[in-house]
Amino acid sequence: MSEQDAGTTTERPDVLDDHPFALCLTHDVDRPYKTYQSIYYAVTDRSLDHLKSALPGQNPYWQFERLMNLEDDLGVRSAFYFLDEQHLLRDRPVSDWVSPGDWKRYMGRYSLRDPDIIDLVKTLDDEGWEIGLHGSYESYHDRERLCREKSHVEAIVGREILGGRQHYLNLEIPDTWAYQQAVGLQYDTSLGSSSTYGFQYGDSIQRPFDDEFVVFPLTIMEVALPDPTEQLEHAWAECKRVLEEAEEREAVMTILWHPRYFSERDFPGFGDLYRRIIEYALDRGAWVGPPGELYEQLDHPTGSAETAESESSTECDLPENTAL
Ligand SMILES: [Zn+2]
């Protein structure tokens, strides 16, 4: 996918009248359980440590409390995007079972019917975090699937959600955005890279259809950075450089930290780096928060978000098997 494929317009949001730049905080909830990884790494690393963390009651990837406390300490909120992924053994063809990529993609999944996940979503929502949709691997080219997934997340929070990001940043421009808009999503944060960071995909919000649908380009995904476990100061220097550039450009930047990277044992350094980024941004007087909150403060060019919502949020055409 190339940069800026769609005829996009960029704008400078009003929040930048009072702040030198804006930092949007997001988390894709991919694999909150370490089960698949524990077995995989136990085999590949021959380390019993990994197997121990697959034992019942041990769940190093469940980092939500730590993450919430960290953001609470800093006085900020973020967005959590939840995934409604297919199940390998139930929903995928047998031919997929031998593909290592499919095992990775589908076996670490969680269910939106898991009581722990429902509690988590509700707690986050109650405490002021934004809940959004992490569109499943196939949903970027499947409007009906996207519609069902959105309605499953909304069934938990009891109202409409505003936006999210596609799993693996899968994006077909502009079709995926058109599907998202058609099912009632107002914004997307999938335009970006898992291997580079910076402003290659833009330094402000974009409106691919010149209407109220907004794209927040992704500026930094944690895995694209120099590994902070090995070289924390180097990783921080790179982040600081991007933050300084954000201020020069009066940018709207967005960062993605997957919750499992807050596991100090498995990924030391990533949590520190996240904290430093937010502290630096707050120090500089930046606007810091979830994309949905920034979206709500935008002046939209034509019509209103409410009108678009009532026109577009059609009932999903649900097929037979709609179990979560
Ligand atoms: Zn994902």
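# Exercises on a predicted model

Helix α6 spans residues 115-126, twelve residues in total. From its first C-alpha to its last it reaches 16 Å, close to the 16 Å expected at 1.5 Å a residue. The structure is a predicted model.

**Exercise 1.** Examine the loop between β4 and α8. Which peptide bond involving proline 174 is cis? Which residue there other than glycine has a positive phi?

*Solution.* Set the limits of the loop. Strand β4 is 163-166 and helix α8 is 175-182. Proline 174 lies between them. Now check omega. The bond from isoleucine 173 to proline 174 has omega near 0°, and it is cis. Next, turn to leucine 169, found in this loop too. Its phi is near 55°, which is positive.

**Exercise 2.** Describe how α9 and α10 pack: angle, handedness and contacts.

*Solution.* Two packed helices are described by the angle between their axes and the distance between the axes.

1. Locate the helices. α9 holds residues 228-249, and α10 holds residues 270-283.
2. Take distance and angle. The axes come within 10 Å and cross at roughly 20°.
3. Classify the angle. Angles under 35 degrees count as roughly parallel. Therefore α9 and α10 are roughly parallel to each other.
4. The crossing of α9 and α10 is right-handed.
5. List the contacts. Residues of α9, including Leu232, Trp236 and Lys240, meet residues of α10, including Asp272, Arg276 and Tyr280.
6. Sort the contact residues of α9 with α10. Eleven are nonpolar, none is polar and three are charged.

**Exercise 3.** Where does pLDDT stay under 50?

*Solution.* Begin with the whole chain. It averages a pLDDT of 86, and 76% of the residues score at least 70. One is residues 1-5, with six contacts beyond four places in sequence. Another is residues 304-311, with seven such contacts. Finish with a caution. Where pLDDT is low, the predicted coordinates should not be read in detail.

Methods: Residues are numbered from 1 along each chain as its sequence is written. This is a predicted model: local features need pLDDT of at least 70, side-chain atom pairs count only at pLDDT 80 or more; totals for chains, interfaces and linings use all residues. Axes are lines fitted to C-alpha atoms, for helices over the stretch in contact, and angles run from 0 to 180 degrees between N-to-C directions. Helices (H or I, at least four residues) and strands (E, at least two) are DSSP runs, numbered from the N terminus. Angles under 35 degrees count as roughly parallel, over 145 as roughly antiparallel, 65 to 115 as roughly perpendicular and the rest as oblique. A crossing is left-handed if the near helix is turned anticlockwise from the far one by less than a right angle, and right-handed if clockwise. Two residues are in contact if their C-beta atoms, placed from the backbone, lie within 7 Å. Ala, Val, Leu, Ile, Met, Phe, Trp, Tyr, Cys and Pro count as nonpolar, Asp, Glu, Lys and Arg as charged, and the others, Gly among them, as polar. pLDDT is the predictor's confidence in each residue, from 0 to 100. The expected span of a helix is 1.5 Å times one less than its number of residues.
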